[in-house]
Amino acid sequence: MKINLYVVLILGVFICSGCSQVFSVLTRFVNIDSIKNELELEFDFKNGYKDEPIYVREIEIVRNDSLLCRLNNMVDTAITSWKFPSVPSGFKMDSSIAGNAIPILAKKDYVTFYFRGEGENGCASYGEWKYNPNYSTEEGRWMFDETGNQRIRLDCYYERWVGKDIIKIETLDDFLVDESSFSLTKQDGEIVEFKLKYKRNPTNILALVLEKGQDKGDLLSIQFALDSLRVFSDQVVVPGKSQIGLLGKYNDL
């Protein structure tokens with residue numbers, strides 16, 4: 001993805017500084033049960049280990065693999081929570097779209113939010129949260145509680161590599177891998193061949209190693225069981241070839 005290299009470079013600066021941390025982005029899907037199509041969210045930023053607030057000073061919104069806009073604090077201010085799609089007080093929006101309002105995002109969009117700031121100790125901090133259209137469907141509703149708070153975090157994304165491409169799956173909590181429950185298909189129903197790779201079982205990270213790379217823009221449907229009651233379904237958009245990984249594909253697998 002075009003945005004990935006930019007994000008990796010920014011995170012690399014944080015890591016090399018000797019003082020960096022990843023923080024938790026707690027999310028509530030405000031209108032999850034509404035017929036209203038506009039996406040409405042609430043975020044809280046926390047140091048996950050100490051439950052301390054994180055002070056966010058910059059936000060980037062990426063829609064369908066393209067940078068939509070960037071929000072920067074104009075003065076010495078920061079936020080510990082945020083109601084999307086509002087522009088926080090004291091923040092300025094940088095965008096190719098005229099005006100100081102965030103463009104309307106629909107529940108059908110694929111959206112990623114990147115956050116940068118610092119903790120109470122002044123340490124550089126970063127976090128991200130991905131919205132998937134599946135969250136607003138009946139199939140994905142179980143991932144949120146009755147008021148829209150996200151209670152399970154599970155991300156799937158396509159990665160291009162020299163050799164074989166992968167679809168990586170990451171969750172916050174371990175689950176027992178049932179290999180027979182995994183399926184991957186194209187929009188026309190054609191089965192995509194893959195092999196599963198993971199270090200342990202249960203696990204919170206695994207990959208579908210594809211026998212054949214897929215074309216840019218293809219929409220792949222993935223489905224697997226987390227347990228006997230919960231079946232996860234998702235759709236993954238195949239990115240272009242502008243960023244192809246060379247090393248480290250299986251570092252965490």
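Are phenylalanine 43 and tryptophan 129 buried or exposed? Phenylalanine 43 is buried, and so is tryptophan 129 (buried, under 20% relative accessible area; exposed, over 50%; partly exposed in between; 1.4 Å probe, protein chains only). The model is predicted: local features need pLDDT of at least 70, side-chain atom pairs count only at pLDDT 80 or more, and totals for chains, interfaces and linings use all residues. Residues are numbered from 1 along each chain as its sequence is written, and side-chain values use heavy atoms, with hydrogens and water left out.

Rings of Phe, Tyr and Trp (its six-membered ring) pair if their centres lie within 6.5 Å; planes under 30 degrees apart are stacked, over 60 edge-to-face, the rest tilted. The count comes to 21 aromatic pairs. In one of them, the rings of phenylalanine 43 and tryptophan 129 have centres 5.7 Å apart and planes at 70 degrees, so the pair is edge-to-face. This pair links distant parts of the chain, strand 3 (residues 41-47) and strand 10, 86 residues apart. Strands (E, at least two residues) are DSSP runs numbered from the N terminus. Tryptophan 129 also forms a tilted pair with tyrosine 135, at 6.0 Å and 45 degrees. Tyrosine 135 is buried too.

Asparagine 132 lies in the loop between strand 10 (124-131) and strand 11 (154-159). At 11% relative accessibility, asparagine 132 counts as buried. Its side chain makes a polar contact with the side chain of aspartate 234 (2.5 Å). A polar contact is a pair of N or O atoms within 3.5 Å; within protein, one must be able to donate a hydrogen and the other to accept it, and residues adjacent in sequence count only if both atoms are side-chain atoms.

Technical notes:
Helices (H or I, at least four residues) and strands (E, at least two) are DSSP runs, numbered from the N terminus.
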